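Thanks, everyone. Please look at the structure on the screen while I talk.

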Amino acid sequence: QVQLGESGGGLVQAGGSLRLSCAASGRVFSSASMGWHRQAPGKEREFVAAIRWGTGGTYYADSVKGRFAISRDKAENTVYLQMNSLKPEDTAVYYCFKSKTGPYEPDTWGQGTQVTVSS
């Protein structure tokens with residue numbers, strides 16, 4: 001069972017940037033996808049971004065397009081989320097996920113990392 005470990009969350013002012021990292025403990029197969037969801041207080045968990053491990057194809061929620069960028073390092077089994085132009089509404093716990101297949105079918109989750117954007 002692959003385990004996921006996130007890092008990089010924190011407190012930042014609006015307009016600032018953060019980079020989240022998520023390392024998988026084992027091999028990530030080319031057919032898999034990895035990405036991020038987030039959950040704000042009192043709200044449901046929502047999709048943020050994903051990347052197909054083999055092709056590098058990316059997917060984004062409309063709310064983060066043009067501000068966030070997802071990438072992967074296949075040698076390190078790590079996925080990154082570069083977050084720019086952060087807004088207070090981006091405040092949430094960000095969860096890394098892995099899917100054996102498509103980007104919208106998570107089957108493994110990380111423990112989450114808090115991102116807080118102050119106005």
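Start with Cys22. Its relative accessibility is 0%, so Cys22 counts as buried. Keep in mind that this is a predicted model. What is the relative accessible area of Cys96? For Cys96, the value is 0%, and Cys96 is buried.

These two cysteines belong together. A disulfide joins Cys22 to Cys96, with an S to S distance of 2.0 Å. Cys22 lies in strand 3 and Cys96 in strand 9, residues 92–99, so the pair ties together parts that are 74 residues apart in sequence. How many disulfides does the structure hold? One. Now the handedness. The torsion about the S-S bond of Cys22 and Cys96 is about -80°, so this disulfide is left-handed.

Stay with strand 3. Strand 3 covers residues 18–24. Five of its seven residues are buried, so the strand is mostly covered, taking buried as under 20% relative accessible area.

Which strands pair with strand 3? One is strand 1, residues 4–7, which runs antiparallel to strand 3 and is joined to it by four bridges. Another is strand 8, residues 78–83, again antiparallel, with six bridges to strand 3.

Look at Ser21. In strand 8, the bridge partner of Ser21 is Tyr80.

Four strands form an open sheet, in the order 1-3-8-7, with antiparallel pairing. Why is one side of strand 1 and of strand 7 left without a neighbour in the sheet? Strand 1 and strand 7, residues 68–73, stand at the edges, each with a single partner strand, so one side of each has no neighbour there. On average, neighbouring strands of this sheet are turned by 15° against each other, direction ignored.

Two loop residues deserve a look. Asn77 is found in the loop between strand 7 and strand 8. Its phi is near 50°, a positive value in a residue other than glycine. Ser85 lies in the loop between strand 8 and strand 9. Phi of Ser85 is also near 50°, positive in a non-glycine residue. And their accessibility? Asn77 has a relative accessible area of 17%, so Asn77 is buried. Ser85 stands at 42% relative accessibility and therefore counts as partly exposed.

On to Arg38. This arginine has its place in strand 4, residues 33–39. Is Arg38 buried or exposed? Its relative accessibility is 6%, so Arg38 counts as buried. Arg38 and Gln13 are 25 residues apart along the chain, and their C-alpha atoms are separated by 18 Å.

Last, the pockets. The largest pocket has a volume of about 170 Å³.

To recap: the structure holds one disulfide, Cys22 to Cys96, and strand 3 is joined to both strand 1 and strand 8.

Note on methods:
Residues numbered from 1 in each chain as written. Predicted model: local features only at pLDDT ≥ 70, side-chain atom pairs only at ≥ 80, totals over all residues. Heavy atoms only, no water. 1 Å grid on protein atoms, 1.4 Å probe; cavity = no way out; pocket = protein on both sides within 12 Å on 5 of 7 lines; lining within 4 Å. Points joined across faces, edges and corners; volume = space filled by probe spheres on them. Buried < 20%, exposed > 50% of the residue type's maximum accessible area, 1.4 Å probe, protein only. Pairing = 2+ DSSP bridges. Disulfide = S-S within 2.5 Å. Axes fitted to C-alpha atoms, helices over the stretch in contact; angles between N-to-C directions.
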